[in-house]
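Q: I am new to this structure. Can you show me how to read its features, step by step?

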Amino acid sequence: MFLTHLECTSCGLRHECVRLQNVCTACGKPLFAIVDLAAAGRALNREKLSSREKSLWRYCELLPLPKNAEPISLGEGGTPLLRAKKFADGLDVWIKDEAQNPTQSFKARGMSVAVSMAKHLGAKKLAVPSAGNAGGALAAYAARAGLEAHIFMPRDTPRANVIECRELGAHVDLIDGLITDCGAEIARRKDTEGWFDMSTLKEPYRIEGKKTLGYELAEQLNWKLPDVILYPTGGGTGLIGMWKSFDEMEALSWIDKNRPRMFSVQASGCAPIVRAFETGEKFATEFPNAHTRASGLRVPKAIGDFLILEILRESNGGAVAVGDEEMIHTTREVGSKEGLFVSPEGAACFAALKSLRSAGKIDIDERIVIFNTGSGIKYLDCFNDS
Ligand SMILES: Cc1ncc(COP(=O)(O)O)c(C=O)c1O
Ligand SMILES: [Zn+2]
């Protein structure tokens, strides 16, 4: 609502925000939406929030949609932050349960804001490459907005995601390849087809929806951030969005300068960020033969890799890889101990907690937040019947 302009995350070039934009026109890197925080802070304070609706639109002054435009909403955000009971083993662990969003994943946050902006700026046809959950979310919000959705997914995407997209009225194409191949197909065809590309970080507003993860977390913890955050990282929008929200909240004087140590959790079969973190690289090279059943983590190359790596290093956090077998096994442990049927991506974070703890990287008195980014119900093909 107090959006002033878009700014390149790499070269700093300023772009106008009055038309549809993808990446930086000079260097091709992601753009950030810049909000006039001084003005937003005069219109909204922490106390005002207590009487507002539960959805992420409670932070509307900090979101890019103008006041006179109608949000495309299905009730996203406002998810519970649950104290882990038995899994935590004496630690102060909390679970942000993003499976309770519309379309059962945190992708709803980004798509609600991005589809609202795309519609406001005149887009008619939206296209996205997806590991599954982003496709489902785009299909739902596009339907709600009366826009066309064109979704490109790898052929081995979980069946539930494919069916969901079709039942929500989207055009679905299954591609023999990875999410990067799906993105390339959209890039090839978007101009002739008239599609607006909604790919992660190739569009500036999904991250604005995702940053509400950080606002909610702070609000739910009474404006004191945890010591450690574990986040399952594919394209990294949630991690980057949260970090952006921390900077914004500090500028608003809503939080102090203390930041959590941020940990990216990836699958051993597709761990470009883990590898680049360990070798000290600024960018992550494409991970060869990417494979994992956690489809959301099957992202061999992310356009925001340098932003993710900067955050992990600046926060004194790190990156952890988890094998598929352990992920699936941990799903049942979390389910039976906590009452949540988590996605394999979420389960990976629980497994990572154990390995960080045994490596001595987490102290007993620290507060940890795990993001369960989606529901296990979308991944039935990953589980045994017994
Ligand atoms: C359940 C789930 N968790 C995590 C991710 C990775 O998210 P991000 O792209 O924000 O890193 C995805 C992406 O598809 C997902 O579906
Ligand atoms: Zn640039």
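A: Start with one cut-off. A residue is buried under 20% relative accessible area, exposed over 50%, and partly exposed in between. Keep in mind that this is a predicted model.

Q: Is Gln104 buried, exposed or partly exposed?
A: Partly exposed, because its relative accessibility is 31%. Gln104 sits in the loop between S5 and helix H3 (107-120).

Q: What should I look for in the backbone of Gln104?
A: Begin with the general idea. Most residues other than glycine have a negative phi. Now the case here. Gln104 is not a glycine, yet its phi is positive, about 60°.

Q: Where does Asp89 lie, and what is its phi?
A: Asp89 is in the loop between strand S4 (81-83) and strand S5 (92-97). Its phi is near 55°, a positive value in a residue other than glycine.

Q: Is Asp89 buried or exposed?
A: Asp89 counts as exposed because its relative accessibility is 68%.

Q: How do I read a helix for burial?
A: Take the residues one by one and apply the cut-off: under 20% is buried. Helix H8 (residues 212-220) is mostly covered, with 7 of its 9 residues buried. Among them are Thr212, Leu213, Gly214 and Tyr215. Glu216, Leu217 and Ala218 are buried too.

Q: Which backbone atom lies 3.0 Å from a polar atom of the side chain of Thr192?
A: The backbone oxygen of Arg189 does.

Q: How do I read a polar contact between side chains?
A: Look for a pair of N or O atoms within 3.5 Å. The side chain of Glu61 makes such a contact with the side chain of Arg52, at 2.9 Å. Glu61 is in the loop between helix H2 (46-49) and S4. Glu61 counts as buried because its relative accessibility is 7%.

Q: How do I compare distance along the chain with distance in space?
A: Count the residues between two positions, then look at their C-alpha atoms. Asp227 and Arg367 are 140 residues apart in sequence and 5.2 Å apart in space. Asp227 is found in the loop between H8 and S10. Asp227 counts as partly exposed, because its relative accessibility is 30%.

Q: How do I start on ligand 1?
A: Find its neighbours. In this structure 18 residues surround ligand 1. The closest are Asn133, Tyr231, Gly234, Gly236 and Thr373. The shell divides into 5 nonpolar, 10 polar and 3 charged residues.

Q: Which atoms lie 2.7 Å, 2.9 Å and 2.6 Å from atoms of ligand 1?
A: A backbone N or O atom of Gly234 lies 2.7 Å from an oxygen atom of ligand 1. A polar side-chain atom of Thr237 lies 2.9 Å from an oxygen atom of the ligand. In the side chain of Thr373, an N or O atom is 2.6 Å from a nitrogen atom of the ligand.

Q: How much of ligand 1 does the protein cover?
A: The protein covers 97% of the 390 Å² of accessible area that ligand 1 has on its own. The space taken by ligand 1 is the largest pocket. Strand S10 (228-232) and helix H9 (237-251) are the elements that give two or more residues to the shell.

Q: Where is Thr373, and is it buried or exposed?
A: Thr373 is in the segment after strand S13 (367-372). Thr373 is buried because its relative accessible area is 5%.

How values were computed: Residues are numbered from 1 along each chain as its sequence is written. Chains are lettered from A and ligands numbered from 1 in the order in which they are written. This is a predicted model: local features need pLDDT of at least 70, side-chain atom pairs count only at pLDDT 80 or more; totals for chains, interfaces and linings use all residues. Side-chain values use heavy atoms; hydrogens and water are left out. A residue is near a molecule or strand if one of its heavy atoms lies within 4 Å of it. A polar contact is a pair of N or O atoms within 3.5 Å; within protein, one must be able to donate a hydrogen and the other to accept it, and residues adjacent in sequence count only if both atoms are side-chain atoms. Accessible areas come from the Shrake-Rupley method with a 1.4 Å probe; for residues, only the protein chains shown count as cover. On a 1 Å grid over the protein atoms alone, a cavity is a set of points where a 1.4 Å probe fits but cannot get out, and a pocket is an open set with protein on both sides within 12 Å along at least five of seven lines; lining residues have an atom within 4 Å of a point. A molecule sits in a cavity or pocket if more than half of its atoms lie within 2 Å of its grid points. Helices (H or I, at least four residues) and strands (E, at least two) are DSSP runs, numbered from the N terminus. Ala, Val, Leu, Ile, Met, Phe, Trp, Tyr, Cys and Pro count as nonpolar, Asp, Glu, Lys and Arg as charged, and the others, Gly among them, as polar. Buried means under 20% relative accessible area, exposed over 50%, partly exposed in between (1.4 Å probe, protein chains only).
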